[in-house]
Amino acid sequence: MVKEIACRKCKTLTISRICPNCKSKDLNPNWSGLVIIIDVDSSQIAKILNIEKPGRYALKVR
Ligand SMILES: [Zn+2]
C-alpha cells in the first residue's frame with residue numbers, strides 16, 4: 001500500500017507530489033486521523049475543518 005501524504009493547507013490526502021485540490025506543494029507525510037467526507041453539507045467535521053469538497057482528509061497535519 002502506498003503511503004499517502006497530506007496537504008498542509010487543505011488537509012487533502014494524496015499520493016502525488018502536488019495537492020489535487022489546491023495545487024499546493026506543501027505536503028507532509030506526518031499526518032494522523034483519516035477523515036472521509038461524503039456529504040459536506042451534513043458533516044460537522046467538514047465544517048470544523050473548513051472542507052468544501054467530498055474526499056479523504058487528514059485530521060492533523062504536522
Ligand atoms: Zn491542498
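**Close-up views of a predicted model**

View 1. Lys11 sits in the loop that links β1 (5-7) to β2 (13-14), and its phi is positive, at about 70°, although Lys11 is not a glycine. Most residues other than glycine have a negative phi.

**View 2. Lys23, another lysine in a loop.** Lys23 lies in the loop between β2 and β3 (27-28), and, although it is not a glycine, it has a positive phi of about 65°. Is Lys23 buried or exposed? Lys23 is exposed, because 10 other C-beta atoms lie within 10 Å, and a residue with 12 or fewer is put in the exposed class.

**View 3. The whole chain, as a setting for the close-ups.** The C-alpha trace spans about 30 × 20 × 20 Å along its principal axes. A compact globule with 62 residues would have a radius of gyration near 11 Å, and the chain agrees with this, since its own value is 11 Å. Of the 62 residues, 23% count as buried, and among the contacts with a separation of 6 or more, 37% are made by residues 24 or more positions apart.

**View 4. The open sheet.** Three strands form an open sheet in the order β2-β1-β3, with antiparallel pairing. The strands β2 and β3 stand at the edges and have a single partner strand each, so one side of each is left without a neighbour in the sheet. Between β1 and β2 the antiparallel pairing runs over two bridges, and Ile5 stands opposite Thr14 in β2.

**View 5. The largest nonpolar core.** Which residues make up the largest nonpolar core? This core has eleven residues in all, namely Ile5, Ala6, Cys7, Cys10, Leu13, Cys19, Leu27, Trp31, Tyr57, Ala58 and Val61. At least two residues of this core come from β1, and at least two from β5 (55-61). In soluble globular proteins, nonpolar side chains tend to be buried together.

View 6. Leu13 belongs to strand β2 and is buried, with 21 other C-beta atoms within 10 Å. When residues up to four places away in sequence are not counted, Leu13 touches Glu4, Ala6, Arg56, Tyr57 and Ala58. Although Leu13 and Val61 are 48 residues apart in sequence, they are 10 Å apart in space, C-alpha to C-alpha.

View 7. Asp41 is found in the loop between β4 (31-37) and α1 (44-49). Asp41 is exposed, because 6 other C-beta atoms lie within 10 Å, and the exposed class takes in residues with 12 or fewer. Asp41 and Ile51 are ten residues apart in sequence, and the distance between them in space, C-alpha to C-alpha, is 9.8 Å.

Methods
Residues are numbered from 1 along each chain as its sequence is written. This is a predicted model: local features need pLDDT of at least 70, side-chain atom pairs count only at pLDDT 80 or more; totals for chains, interfaces and linings use all residues. Helices (H or I, at least four residues) and strands (E, at least two) are DSSP runs, numbered from the N terminus. A residue is buried if 20 or more other C-beta atoms lie within 10 Å of its own, exposed if 12 or fewer, and partly exposed in between; C-beta atoms are placed from the backbone. The radius of gyration is taken over C-alpha atoms; the globule rule is 2.2 Å times the number of residues to the power 0.38. Two residues are in contact if their C-beta atoms, placed from the backbone, lie within 7 Å. A nonpolar core is a set of buried Ala, Val, Leu, Ile, Met, Phe, Trp, Tyr and Cys residues joined through C-beta atoms within 7 Å. Two strands pair if DSSP finds at least two bridges between them.
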